[in-house]
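Welcome! Please take a moment to look over the sequence and the 3D view, and then we can walk through them together.

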Amino acid sequence: MKAFFDTNILVYTTTSDRRKQQAAACLSRGGVASIQVLNEFVHVARRKLRSDWLQIELALGQFRASLDDILPITLDTHDSAVALARDHGLAFYDALIVASAIEAGCDTLFSEDMQHGRSIGGLAIINPFLESAP
């Protein structure tokens, strides 16, 4: 299995939320994310979690160390996301996550925000916080 992580997985690893352990376990198995995911993490950490910059930078360093790769968003990724949003009814930024995961050759996308069990282009969307999730 090659996993891709949505922003919420990273966010939960830095909180005291009950899902922290599950998110950390999921991330510890390795996988990839995109720069979009890191950007969204910074936004959530500052705006919603009210983290200071040192906390954010420490978390980003931990993510960089634990992820197998962090992918850029290219024009091709953008074009794929537009098509996915159009063809599958996804919100654009969700489509950008899906496009990045597909480009990376991932077969699993861990996300709390997208439809659990849905498959798009060979990519299975899994909500790791559901009891039925692996």
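**A walk through the model**

Let us begin on the outside, with Arg50, which counts as exposed at 68% relative accessibility. Here exposed means over 50% relative accessible area, buried means under 20%, and partly exposed covers what is in between, using a 1.4 Å probe and protein chains only. Arg50 sits in the loop between α3 and α4. Its phi angle is near 55 degrees, a positive value in a residue other than glycine. Helices such as these are DSSP runs of H or I with at least four residues, strands are runs of E with at least two, and both are numbered from the N terminus.

A word on the model itself: it is predicted, so local features need pLDDT of at least 70 and side-chain atom pairs count only at pLDDT 80 or more, while totals for chains, interfaces and linings use all residues. Residues are numbered from 1 along each chain as its sequence is written, and side-chain values use heavy atoms, with hydrogens and water left out.

Another exposed residue is Gly122, with 56% relative accessibility. You will find Gly122 in the loop between β5 (119–120) and β6 (123–126). From Gly122 to Glu103 there are 19 residues in sequence and 11 Å in space, C-alpha to C-alpha.

Now let us go inside. In soluble globular proteins, nonpolar side chains tend to be buried together. A nonpolar core is a set of buried Ala, Val, Leu, Ile, Met, Phe, Trp, Tyr and Cys residues joined through side-chain atoms within 4.5 Å. In this model the largest such core has 43 residues, and among those with the most contacts inside it are Phe4, Phe5, Leu10 and Phe41. Helix α6 (residues 92–103) gives the most to this core, with six residues.

At 0% relative accessibility, Phe5 is buried. Contact means heavy atoms within 4.5 Å, and, leaving aside neighbours within four places in sequence, the contacts of Phe5 include Leu10, Cys26, Val37, Leu109 and Phe110.

Which aromatic rings pair up? Rings of Phe, Tyr and Trp (its six-membered ring) pair if their centres lie within 6.5 Å; planes under 30 degrees apart count as stacked, over 60 as edge-to-face and the rest as tilted. The structure holds four aromatic pairs. One of them joins Phe5 and Phe110, stacked at 5.9 Å centre to centre with 15 degrees between the planes. Phe5 lies in strand β1 (residues 3–5) and Phe110 in strand β4 (residues 108–110), so this pair ties together parts that are 105 residues apart in sequence. Phe110 is buried, with a relative accessible area of 1%.

Tyr12 and Phe129 form an edge-to-face pair, 5.2 Å centre to centre and 85 degrees between the planes. Because Tyr12 lies in helix α1 and Phe129 in the segment after β6, the pair ties together parts that are 117 residues apart in sequence. Both Tyr12 and Phe129 are buried.

Tyr12 and Phe129 also lead us to Arg19, which touches Tyr12, Glu112 and Phe129, not counting residues up to four places away in sequence. Arg19 is in the loop between α1 (7–13) and α2 (20–28), and is buried at 16% relative accessible area. Its side chain is joined to that of Asp17 by a polar contact of 2.7 Å. A polar contact is a pair of N or O atoms within 3.5 Å; within protein, one must be able to donate a hydrogen and the other to accept it, and residues adjacent in sequence count only if both atoms are side-chain atoms.

Asn8, in helix α1, is buried with a relative accessible area of 10%. The side chains of Asn8 and Asp113 make a polar contact of 2.9 Å.

What about disulfides, pairs of cysteine sulfur atoms within 2.5 Å? A search of the whole structure finds zero. The sulfur of Cys26 is 12 Å from the closest cysteine sulfur, in Cys106, which is too far for a bond. Cys26 is buried at 2% relative accessible area, and Cys106 is buried at 7%.

Our last stop is helix α3 (residues 35–47), whose buried residues include Val37, Phe41 and Val44. The buried residues of α3 pack against β1, α1, β2 (32–34), α4 (53–66), β3 (69–71) and α6.

Terms used:
Disulfide = S-S within 2.5 Å.
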